[in-house]
Amino acid sequence: MLQEEVYRLFESEIENWQLARNKYADLEASVSKRIEFGDFGIDVVCNPARIRSTMVEVQRKLEKMRHLPNNSQAAAAVDSSNDSCFLCSDRRPKEQKSIVVGDFEVLVNPYPIFPIHFTIVYKKHIPQQILPYFDEYLYFTRNLTNFAVFFNGANCGASAPFHLHFQAAEKRYFNVVGDYSTLPRRYFETVEQDDKLTLTSIRKYLRKAFVISTADPLRAKVVLQKYFMPYITDNMLNLICCYEDGQYRIFVFPRKKFRPWQFFEEDPQKRLSISPASVEMSGSFVTIFREHFDRLDANEIVDIYSQIS
Ligand SMILES: [Zn+2]
């Protein structure tokens, strides 16, 4: 069973790979707060485990990014100036082991947002994209039933937009998954429904969110293309999928913009280093700066969602 294998991989990496062990320990030191919006909440997390290098280097990189075009590809070009791709097998740390599944490999993410966090990486260095690999995306969801498998479009949050990958973390950490079960019916509007599939929109949810529920992978793909093709083409889509009660539940977040104006703000007192991706769309804002964590309040969250979604 794939799910048992990935849990075993996680345990052995924590035991044998010091970087991963340290970063998952850092994650335990993260602080969080919850901001309530009536029937649902949004979490804000200050997560030191996301820091990839020294604070001075991080600050320098962020300063560069503030002057680049507002998309993940431009941001990644800064990182890949030394021609390194951290997902390519010949450039990964030798301690990083993997589980091979068809043309993909499952890896432990050494810069975690979640207590168990995997990256599911295509074997070859090809651009981030969803449609040609949608079957594989659902395959992982179907076989990792404790998990949500998520996808960040190449222009709205993918940290490696030039190397195809998904990520996975236990689904209980995704607010949207819980909200789907607990929100009152008035939040939901049926967009399309037949005996095999339902496409629902979640309304008054601060961000635009849709849910495809179906047991049929082919129909899911047809509906995804029918309603979201411009976002797929522009690489401006975040997806979170889990498998429950014999159905795929695919949460779709069409995106208007990658980063909010607060990211680019000249005044450090107003700046917020927030780069919204699937995790933020699901309902958790992640920052590495304590000061930004303190400043993120309900007004900022409403404003950020309205700009990016
Ligand atoms: Zn690569």
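Mentor: Let us begin with burial: a residue is called buried if 20 or more other C-beta atoms lie within 10 Å of its own, exposed if 12 or fewer do, and partly exposed in between, with C-beta atoms placed from the backbone. Helices (H or I, at least four residues) and strands (E, at least two) are DSSP runs, numbered from the N terminus. This is a predicted model, in which local features need pLDDT of at least 70 and side-chain atom pairs count only at pLDDT 80 or more, while totals for chains, interfaces and linings use all residues. Residues are numbered from 1 along each chain as its sequence is written.

Trainee: How many helices and strands are there, and what share of the residues is buried?
Mentor: The protein has 11 helices and 13 strands, and buried residues make up 39% of its 309 residues.

Trainee: And what is the radius of gyration?
Mentor: The radius of gyration, taken over C-alpha atoms and compared with a globule rule of 2.2 Å times the number of residues to the power 0.38, is 19 Å, which agrees with the value near 19 Å for a compact globule of 309 residues. Along the principal axes, the C-alpha atoms fill a box of roughly 55 × 45 × 35 Å.

Trainee: Let's go to helix 11; which of its residues are buried and which are exposed?
Mentor: In helix 11 (residues 298–308), the buried residues are Ile301, Ile304 and Ile308. Looking down the axis, these fall within an arc of 70 degrees, so they line one face of the helix; the arc is that of the directions from the helix axis to the C-beta atoms. The face turned away from that buried side carries the exposed residues Ala298 and Asn299.

Trainee: What do the buried residues of helix 11 pack against?
Mentor: They pack against strand 1 (31–36), strand 2 (41–46), helix 8 (261–264) and strand 13 (284–287), where a contact means that the C-beta atoms of two residues, placed from the backbone, lie within 7 Å.

Trainee: Changing topic, which residues have the most contacts inside the largest nonpolar core?
Mentor: That core has 71 residues, and those with the most contacts inside it are Tyr137, Ala148, Val149, Ala168, Leu239 and Cys241. A nonpolar core here is a set of buried Ala, Val, Leu, Ile, Met, Phe, Trp, Tyr and Cys residues joined through C-beta atoms within 7 Å. Strand 11 (residues 237–244) gives the largest share of this core, six residues.

Trainee: What is Cys241 in contact with?
Mentor: Leaving aside neighbours within four places in sequence, the contacts of Cys241 include Tyr137, Leu138 and Thr141, as well as Ala148 and Val149.

Trainee: Which residues of helix 5 are buried?
Mentor: In helix 5 (residues 134–143) the buried residues are Phe134, Tyr137, Leu138, Phe140 and Thr141. Their arc around the axis is only 155 degrees, which puts them on the same side of helix 5. Among the elements they pack against are strand 6 (147–152), strand 11 and strand 12.

Trainee: Last one: where do Asn235 and Asp245 lie, and is each buried or exposed?
Mentor: Asn235 lies in the loop between helix 7 (217–233) and strand 11, and Asn235 is buried, with 23 other C-beta atoms within 10 Å. Asp245 lies in the loop between strand 11 and strand 12 (247–254), and Asp245 is exposed, with 7 other C-beta atoms within 10 Å.

Trainee: What is phi for each of them?
Mentor: Phi of Asn235 is near 60 degrees, and Asp245 has a positive phi of about 50 degrees although it is not a glycine. Most residues other than glycine have a negative phi.
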